[in-house]
Each structure stands twice: as structure tokens, then as C-alpha cells.
Amino acid sequence: MICREDWIYAALKSVLSNKGAKTAGIDGVTRKELASTTAQAEFVSELRSQLRNKQFRPTPVRRVYIPKASGKRRPLGIATLKDRVVQMLLKMVLEPIWESDFLNCSNGFRPGRRTQDCIALLDSYINKRNKYYWIIEGDIKGAFNNIHHEILLKLVSQRVADPNLLKLVERFLKAGVMEGALFKRTEIGTPQGAVCSPLFANIYLHQLDLHWWNNYGNLERKHKEKRRTQHLGNCALIRYADDWLLLTNGSKTEAYRLRDEFQTFLEQELKLELNIEKTHVTHVNNGFDFLGFHVRRYVSAHDKPKLLVTPTVSAKFRLKSKIKEMTDRSCYQDSPLLKFTAINAVLRGWIGYYCHCNAKETAKDLDYWVNERLFLWLQKRHRLPPRRIIEMYKMRQNGTRDNWGIKNGEDYLFLYHMSDKPITKYRSRSIPNPYLEGKWSTALTTPDAPLPDKVWLGNVENEEWRELKEVIVAERGAFRCCLW
């Protein structure tokens with residue numbers, strides 16, 4: 001299949017359409033060398049011949065380092081364009097196979113899924129009915145860099161029998177890296193930045209999903225009710241690549257027990273180490289950060305408890321840092337029109353990511369800050385008093401408000417306000433397998449659970465039910481507050 005000419009052309013088109021195609025591997029070849037149809041035809045013909053004759057050998061990746069938000073540097077592996085095309089072919093073969101195996105708790109680097117699918121699942125767990133209030137924030141030390149090749153190849157061989165394809169996967173894992181003129185062997189890990197690395201990581205960490213599913217996720221309703229009556233609680237898993245949350249409606253002690261259990265599983269089965277210092281056990285009332293969102297259950301004396309999802313402090317700091325960099329004194333000679341366009345693109349992208357959470361007030365505050373920052377940049381660029389800058393750039397937008405604007409042909413380009421973006425609710429959804437033809441659905445019927453002797457009768461005074469609930473909660477926590 002990976003030797004088919006139409007497949008190779010499709011993989012090449014996908015690789016060249018990526019902006020990373022401008023960056024070369026150790027051979028120095030970029031998208032520019034494959035711009036013509038003739039060059040692409042020669043490339044496809046040569047690669048097809050090498051694959052059919054089993055002569056293809058991946059080359060080492062070029063190692064570069066990019067800064068992380070924590071101040072450290074993340075190693076990035078840049079493969080050659082030919083290696084990227086073959087990796088894309090491997091992905092085209094392997095991804096449909098594992099999409100039929102992966103669980104719904106995993107949403108990272110999968111077709112048709114996004115970070116919002118992880119955040120939307122929290123609504124179904126953190127509520128008055130299910131009470132998943134204790135959160136284990138999982139942090140794996142260098143998940144991509146510590147994947148064991150032997151374990152990964154064994155997992156791939158469980159679903160793939162072709163020895164030639166398995167050998168090709170192994171050669172990519174063992175290709176090595178080049179740091180400057182120094183070659184280093186790769187006995188462990190997959191290079192971040194490679195086309196296949198996210199898929200390999202999902203195949204590897206799928207075992208974590210299966211451990212949760214086999215022990216907690218597939219329990220029937222009566223078993224879950226039995227665990228609740230035994231004060232053990234149930235747990236739910238939400239994973240995005242190597243970032244994952246484990247939620248439990250049990251006690252704080254149960255949360256620590258689950259953390260230790262999953263730590264042991266990662267060490268013994270996957271040879272991965274859990275960073276205990278960064279793996280926090282948090283009550284949802286205190287809030288936690290996940291995928292750039294701050295999630296907290298807000299309890300007010302005058303209203304019902306609400307789940308608030310807002311941008312994290314670090315996300316706001318990164319946006320401000322980006323705008324500061326774009327309006328630095330070294331950029332005073334830039335064109336104001338290009339500056340407006342660039343800033344608007346950054347602001348649209350930022351609020352586009354957070355437009356499904358409680359970001360309206362945050363957007364208003366950031367709009368005010370960006371407005372002041374742009375005003376100072378314009379003032380220092382033109383070296384004019386504030387009154388003259390207002391006369392030059394302050395305009396009436398749509399006849400409703402004053403805003404910074406600039407002439408753009410026959411129209412005007414105004415500074416984008418993030419608070420104008422509507423905040424909409426992102427609903428949790430059932431995501432079908434994109435590789436299946438037609439609409440398939442399964443309906444599981446479970447017998448209705450017997451009604452308990454004591455039931456809640458709605459928003460009416462029910463003193464007997466309230467007293468019974470207080471006794472159950474007190475017994476579950478050994479008559480001690482779990483938050484202290």
C-alpha cells in the first residue's frame with residue numbers, strides 16, 4: 001500500500017502543504033526544490049523504487065532546540081522531506097487501524113478531535129450529580145523521549161503482521177540524531193516534530209487508557225453503586241497525548257491511592273516515570289490548569305455551584321509577551337498597516353481558542369491593555385504628541401465606537417477587539433470513527449436500577465433526605481473535612 005504511486009503523491013502533497021516543509025533536514029532539501037511538477041514526479045518515482053525494492057533507509061534527524069514556557073528548551077527532530085513522506089505513508093496505514101481501538105477518553109492528535117473535547121467532558125463529571133471533585137493532574141517525565149522501542153514495536157506487531165512494515169518502523173526509531181556534526185544513536189524515545197511521533201505516543205499510552213477501562217471505565221452501574229456505598233468512589237480518565245487527568249468521586253485518600261496505582265502501572269508496564277512533584281491531587285473548588293484552561297468549581301452563597309473555565313494566567317502572560325515583542329522599540333520602523341494586520345491575527349487566534357469558555361471579562365481587560373500598548377507604539381514611532389496620534393489613527397468604527405484604525409486601500413483596517421467574539425458553549429459530543437463508511441450506531445440496553453427507599457423529591461423541603469445525606473457524607477469522610 002505504501003508503494004502505490006497515488007498514495008505517495010497524496011503523502012507528498014500533505015507534507016509540502018505544511019509550513020514546516022520550508023525547514024530542511026540534514027540533506028538541505030526544502031519545499032523549494034520540489035516546487036515543479038517534474039521534480040515531484042522524479043521524487044515519487046525514486047522513492048517508490050526504493051520502497052518496492054526494500055532499499056529505503058531513513059536518515060538521522062537534525063536536532064534543534066526550541067524554548068519552552070518554563071524557560072527550558074525542548075528538543076525537536078527535523079527529518080528530511082523524503083523521510084517525512086514515508087512517515088506520512090506509515091501514518092496513512094496505521095492510523096485507521098488504531099482509530100478503531102482508541103477509547104473516547106483520548107482526544108490528542110486524533111482526526112476530528114481537539115482540546116475542547118477534553119474540557120467539555122468535565123461538565124459531565126464535575127456536577128452535583130456525579131461529584132467527581134478530586135482531580136489527579138498527571139505529569140509524565142519526557143513521555144516522547146522515554147518511549148521504549150521494544151515495547152512500542154511489540155504493541156504495533158499486535159495489530160500489524162507485515163514484517164517489512166514493522167522493520168520500517170523500527171528503522172525510523174533507530175535512525176539516530178545529528179547535533180551539529182555529531183551523530184547520536186537513539187535507543188529510546190521518538191523525535192518530537194516527526195510525523196509519526198504523536199501516533200506512536202498514542203499507541204504507547206493507549207495501554208494507560210486500557211488499564212483505566214479494564215479496572216474502572218467499563219464497570220456496570222451496579223458495580224459503580226457498590227463502590228460508592230463502600231466509600232471507594234469511581235474514577236474517570238481524560239487524556240490529551242501525554243497530558244491527562246484522573247477524576248474521582250471518592251475521598252482524598254482514594255485519590256492518592258489512584259495516583260500511586262497509575263504511577264506503578266506506568267513504571268512497571270511502560271517504563272515511564274510519573275513526576276510526583278508536578279502530579280498534584282487537587283480539589284476542584286481550588287481549581288487546576290489543563291491544556292491552557294483554568295478549571296474551578298465556584299461555590300457562591302447566593303447561587304448554585306458553577307464550573308468556571310477561564311484562560312490560565314500563563315496564557316494571558318504569553319499573549320502579552322507576544323504583543324510586547326511585536327511593539328518593541330526595535331520594531332518602530334515597521335509599517336503601521338502591517339502591524340495592525342499582524343496584531344489582529346494574533347488576537348483572533350487567541351480568542352478563537354478560548355471562545356468556548358468564560359473568557360469575556362478576560363478579553364475585555366486584554367483589549368484595554370492592547371489598546372494602550374498600540375497607542376504607545378504609534379506615539380514613539382511617529383515621535384508625535386498624543387493629540388496628533390489620536391487625530392491620525394482614532395476613527396469611528398461602524399458608527400458605534402471609537403477605535404484605532406488605518407487606511408487600507410478604499411477601506412479601513414481597525415484594531416480587532418477580542419471581546420467582540422461571541423462566547424458559545426461547546427457541547428460534549430460523540431465523535432464517530434472518520435475511517436468508517438456510513439453511519440454506524442450501537443445501542444446498549446441496561447436494566448433499570450431498583451429505586452432506593454430514600455429518594456430526593458425535587459426543590460422542596462425534605463428534612464429527612466437532607467439529614468440522611470449529611471450522615472452519609474460524614475461517614476464517608478470519617479467525620480473529618482477532606483479539604484483540611
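Let me start with Arg383: this residue counts as exposed, at 75% relative accessibility. Exposed here means over 50% relative accessible area, buried means under 20%, and partly exposed is in between, with a 1.4 Å probe and protein chains only. Arg383 sits in the loop between α12 (360-382) and α13 (386-393). Its phi is positive, about 55 degrees, although it is not a glycine.

A word on the model. It is predicted, so local features need pLDDT of at least 70 and side-chain atom pairs count only at pLDDT 80 or more, while totals for chains, interfaces and linings use all residues. Residues are numbered from 1 along each chain as its sequence is written, and side-chain values use heavy atoms, with hydrogens and water left out.

Back to phi. Most residues other than glycine have a negative phi. His231 has a positive phi of about 65 degrees, and it is not a glycine either. His231 lies in the loop between α8 (221-229) and β6 (235-240). Buried or exposed? His231 is partly exposed, with a relative accessible area of 31%.

Now the overall picture. The protein has 14 helices and 14 strands. Those are DSSP runs, numbered from the N terminus: helices are H or I with at least four residues, strands are E with at least two. Of the 484 residues, 43% count as buried.

What about contacts along the sequence? Take contacts between residues at least 6 apart in sequence: 68% of them join residues at least 24 apart. Contact means heavy atoms within 4.5 Å.

Ile136 counts as buried, at 0% relative accessibility. Which residues does Ile136 contact, leaving aside neighbours within four places in sequence? They are Trp244, Leu245, Leu246, Ala255, Leu258, Arg259, Thr279, His280 and Val281. Take Leu258: Ile136 and Leu258 are 122 residues apart in sequence, yet 8.3 Å apart in space, C-alpha to C-alpha.

Next, helix α6. It spans residues 163-173, and its buried residues are Leu165, Leu166, Leu168, Val169, Phe172 and Leu173. Seen down the axis of α6, these fall within an arc of 155 degrees, so they line one face of the helix. The arc is that of the directions from the helix axis to the C-beta atoms. What covers that buried set? The cover includes α3 (81-99), α5 (149-157) and α7 (197-217).

The N-terminal end of α6 is capped by Asp162: a side-chain oxygen lies 3.0 Å from the backbone nitrogen of Asn164.

The side chain of Thr186 reaches the backbone oxygen of Leu173 at 2.9 Å. The Thr186 side chain also reaches the backbone nitrogen of Gly176, at 3.1 Å. Thr186 lies in the loop between β5 and α7. It is buried, with a relative accessible area of 15%. Not counting residues up to four places away in sequence, Thr186 touches His149, Leu173, Lys174, Ala175, Gly176 and Val177.

Two sheets to finish. Strands of a sheet pair through backbone hydrogen bonds, either parallel or antiparallel. Two strands count as paired if DSSP finds at least two bridges between them.

Ile66 stands opposite Arg74 in β2.

The other open sheet has three strands, in the order β12-β13-β14, with antiparallel pairing. Its edge strands are β12 (394-397) and β14 (411-414), each pairing on one side only. Strand β13 (residues 401-408) is joined to β14 by four bridges. Ile406 has Leu413 in β14 as its bridge partner.

Notes. Polar contact = N/O pair within 3.5 Å; in protein donor to acceptor, adjacent residues only side chain to side chain.
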